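I opened the notebook today to look up a few things in this model. Here is what I wrote down as I went.

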Amino acid sequence: MIYFIRHAQSEANKKGIYAGSLNSPLTSGGISRFRAFSRRNEKVFGKIYVSQLSRSIESGRIFQSEQSYDSVLLIDPRANELNFGKLAGRPYISLDSQHIYDEYDIESKEAFYNRVKNFYDDIRYDENDALIIGHAGVAKMLQTIINDKPIEDYNKAKLISAYEIYQL
């Protein structure tokens with residue numbers, strides 16, 4: 001089985017701005033809450049997948065450090081958040097229009113879908129339970145893929161909250 005957790009709160013999350021493919025450090029409160037959450041975890045994961053973004057890697061290391069078992073931390077760029085192009089570092093706006101994707105040079109939904117699907121297809125048949133510690137957009141795209149929804153429904157997928165483990 002594959003499970004998913006969103007990374008700990010980052011400075012970009014706290015400020016309400018898009019980080020996307022930019023690195024954004026974790027907040028001290030996010031680290032504390034993620035550490036406490038990780039300590040309470042009772043599920044054993046042989047592999048922990050993270051993106052190549054610092055907020056995901058640091059969350060993965062925190063989670064790993066709080067477990068009583070050994071696991072492998074695997075960094076995979078296919079698990080990176082949507083590239084928000086010129087919107088990176090700017091306040092949240094609605095992404096419901098293709099015009100916004102074009103205007104701000106945001107990674108296309110099709111490219112994002114293909115990247116995340118390729119990642120999912122490579123890990124989904126692993127014999128051990130695996131954990132992805134990732135990003136909100138990746139979680140929404142994984143739901144779109146797993147539920148066999150059209151790419152256009154990506155923005156309608158459930159926003160997974162932090163500090164909870166979800167079975168995909």
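**Pocket, helix packing and salt bridges**

I began with the largest pocket, and its volume came out at about 440 Å³. I keep in mind throughout that this is a predicted model.

Next I asked which residues are the closest to the centre of the largest pocket. They are Y18, E81, F84, A136 and G137, out of the 22 residues that line it. By class, I noted 11 nonpolar, six polar and five charged residues in the lining.

Then I wanted to know which element gives the most to the lining. I found that α6 does, with three residues. Both α1 (11-15) and α6 supply at least two residues each.

How do helix α5 and helix α6 pack, and at what angle? I read an angle of about 75° between α5 (residues 109-123) and α6 (residues 136-146), with the axes 10 Å apart. Angles of 65 to 115 degrees count as roughly perpendicular, and α5 and α6 are therefore roughly perpendicular to each other.

I listed the residues that meet there. From α5 come K109, F112, Y113, V116, K117 and Y120, and from α6 come G137, V138, M141, L142, I145 and I146. I sorted the residues of this contact into nine nonpolar, one polar and two charged.

Last, I went through the charged pairs. How many salt bridges does a search of the whole structure find? I got 10, and I followed up two of them.

In one, the side chains of R39 and E66 meet at 3.0 Å, N to O. R39 lies in helix α2 (residues 28-40) and E66 in the loop between α3 (54-65) and β3 (72-75), so this pair ties together parts 27 residues apart in sequence.

In the other, D122 pairs with R78, and I have the closest N and O atoms 2.6 Å apart.

Note on methods:
Residues numbered from 1 in each chain as written. Predicted model: local features only at pLDDT ≥ 70, side-chain atom pairs only at ≥ 80, totals over all residues. Heavy atoms only, no water. Axes fitted to C-alpha atoms, helices over the stretch in contact; angles between N-to-C directions. Helix = DSSP H or I, 4+ residues; strand = E, 2+ residues; numbered from the N terminus. Parallel < 35°, antiparallel > 145°, perpendicular 65-115°, else oblique. Contact = heavy atoms within 4.5 Å. Nonpolar A, V, L, I, M, F, W, Y, C, P; charged D, E, K, R; others polar. 1 Å grid on protein atoms, 1.4 Å probe; cavity = no way out; pocket = protein on both sides within 12 Å on 5 of 7 lines; lining within 4 Å. Points joined across faces, edges and corners; volume = space filled by probe spheres on them. Salt bridge = Lys/Arg side-chain N within 4 Å of Asp/Glu carboxyl O.
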